[in-house]
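Hello,

I am passing on a structure for you to look through. Please open it first, and then read my notes on its aromatic rings below.

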Amino acid sequence: MILRIEMTSDTPIYQQIRNKIVFGVARGYIKPGDSLPTVRQLANDIGVNPMTVNKAYALLKKEGIIVIERRHGAKISDCRTGGNAFESDFDRRVELLVSEARMKGASKQDIKKHISDLIDTVYD
Amino acid sequence: MLQLLLIATWLIFGTMSVCALSYKDHRDNQILGVTLSREHAKHPEVQKVIKKFKIACYLVLLISIAFSFLMPAKMIGQYAEFYMLVLITANIFANWFVIHFYQQGLLSIKKEKAWIYKRTRVVTVDMNVSKEKGKSSVASIWAWLFLFLSFIPAVFLLLHAKARESYPIGFSLIGPLCQLNAIYLYYQMRHRHVPALSDNTEINKACARTEERINTMAATLLAFAMFVFWVMFNISVIYEKNAIFVVLSAIILVTVPIMIAYWQRKKIRTAENNFFGEMQERDIFEQESTWKWGCYYNPNDPRIIVPKRIASMGFTINIGNPVGKAIGFGIIVLLLLIFSTIFYGGFKDYTITENGSRIIIDAAMYDRSVEKNQVVSLSTIDRIPVGTRTNGYGGLNKSYGHFSINGYGKCMLYIYNKVDKYIVLKLKGDNPAYIIVNDKSQDKTERLYQEIKRWLTE
C-alpha cells in the first residue's frame, strides 16, 4: 500500500498515518494478518520522529485495527470478528457531517448520492 | 613542509570546487537550491546561468591556486599556516558567494517566467518497500570488519612501548572513531528512503532493492577507503617518517569518497531511469525555504542530522531545530577558536625572562617555568633529531609544546625552525626530560645561551 503524507497539512501526521491505514484495510490494500513496517523504518521513510509513528500505531492498536506482537511487530487484526461496525460514536459523527452539509445548502438527494458514491469508492 | 602545505591547500580547493559544481545538477527537482521542474531546468536561460556558474567555479579555483603560489614568498612564508587558513576561508567564501549569486539569478528567471509550484509537500512511502528494507544490502560484516581492523595500530602501540614515545595511543583511536562514522553512514544508507514513483508496488520494490544495494555498496567502499587511508597513514608515521606518504594517503581520503559519490549517483540515476522511465514530477513542491545560507533549515522537520543535498556526501544539521542551531553555533565557535589559536601561535614570539631562581618561558598556551635546581645540564646543538609532536604546535617557522624527539624522549620545544642552533636544558625527571629553546637568529641564540649559563652559575 502506498502512503501519501501531506507534511504541511493541518491534520497531524500521526492522524494521517492512522487514517491511511484504515482506508487501506477497508479497501483491501492490506489484509488481516499482513504485517506493517517497523516504527523506526516507517519514521525514517516519512522523515519524521519515530514517536509520531508510534503514536499512530498506538491509536490503531487501541481501536483494535492492529495487534502488536513482541517478536513479529505490528499486524493487521481481523476487525470483522467480534467488532461492532457501528460504534457509539459512528452515528454522532455521520449526523454531524450530514448536518454540516445541509447547513451549507445541500439537499437530501445530494447528500444521499454523495454518500452512496463514497460507499462505492470504499467497497469497489 | 611548505610543499606539503601547498598540496593540502590545493586538495581543499579541489574538494570545495567539486562540491560547488555538484550543485549545478538537477536533483530532487532542484538546481543550486532552486526548485525547478525537469522541463524548466532545460530552459535555455537556465542553462546559460549554469554555464556561467561553471565558469565562475573554475575561476575561483584558478585564482585560489594562483594566490597559493605566494606562500613561498619571504614575507608571507613567515606566516604560511595563517596565510593558508586565510586562503581556505576566502576560497570557501568565494564558492559560497558564487553559488548564492547564481542562485539569485535562477530565482529572478523563475519569477520573471512565473514558474510557480505547489507549496504542499507530500511524502510518498510504499509500505511494502519499507517492510523489505535491509534485505538487499551488502552485508554489514564488512563495515564492522574494517572497524575492528582499524584498531590494529592501537594494539601495536600497546605491545610496543617504544613506539608509544613517538606515537601517542590516544592518536591511534582517531581511525576507529572515523570507522565508527562509516558504520553510522552504512546504516543510514541501508535505511535510506527511496521514493515510491510507481503505483506498481513490484516496480517500487525492485527499484528500492537495487538502490539499497548501490547505497550500501557505496558506504562499504567508503569504509574500505577510510581503512586503507588509516593503514597507509600509520605505516608512514610509524615506519617511514616520510610526510609524502601522509599526503598520498590524504589524497586517497579526499578523492576516493568523491569518486564513490559520483559512482553512486550515476548508478542510482540509471536504475531509476530503467525502472520508472522518464521520471514523473507529481511530487514537485517549492523547497527554497528548506535551505538557508547553504544549510538545511526546516523547523517542521524534527530531525537534527539530515542527509546533504547529495545524500552520499554525508550529513548536515537542521538549523531550523533548536538543537541543530546550538550545534551549528558550537561549530562556528570551535572554528573561530582554532583560527584564533593558529593566528596567536603564529604571531606571538617566545620570551624567556629570569625571575630569581627560575626562568619563565612565555609562549602561546605553553608557558613554562624552570627552577634552577631542576636543570641538570646545559648545552647547544646544531640539529634536532627527527621526532613527533604529541601536543603542541609544529608549524613551518615555529614549533612549541610537547614533542617526542629521537634520543631525547619527551621534550618541550620553543624553537624557530630555520635557526640552526638550539639550547638544550636537561631536566631532572623525564616529563619533560629536556627543554629545547632558541631565538630568532644564531647570534641571538648564542646571547641567550650565555645568559642562561650565567643565571645557572650565579
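**Aromatic rings and their partners**

In chain B, the residues B:Tyr350, B:Tyr366, B:Tyr400, B:Tyr414 and B:Tyr416 are linked by ring pairs into a cluster. Rings of Phe, Tyr and Trp (its six-membered ring) pair if their centres lie within 6.5 Å; planes under 30 degrees apart are stacked, over 60 edge-to-face, and the rest tilted.

Before you go on: this is a predicted model, where local features need pLDDT of at least 70 and side-chain atom pairs count only at pLDDT 80 or more, while totals for chains, interfaces and linings use all residues. Residues are numbered from 1 along each chain as its sequence is written, chains are lettered from A and ligands numbered from 1 in the order in which they are written, and side-chain values use heavy atoms, leaving out hydrogens and water.

Over all chains there are 17 aromatic pairs. One of them is tilted: B:Phe146 and B:Phe224 are 5.4 Å apart, centre to centre, with 45° between the planes. B:Phe146 is buried at 9% relative accessible area, whereas B:Phe224 is partly exposed at 40% (buried is under 20%, exposed over 50%, partly exposed in between, with a 1.4 Å probe and protein chains only).

B:Tyr350 and B:Tyr400 pair edge-to-face, with 6.0 Å between centres and 75° between planes. B:Tyr350 is buried, at 10%, and B:Tyr400 is also buried, at 1%.

The charged end of B:Lys398 sits over the ring of B:Tyr350, 5.6 Å from its centre (NZ of Lys or CZ of Arg within 6 Å of the ring centre and within 35 degrees of the ring normal).

Happy exploring!
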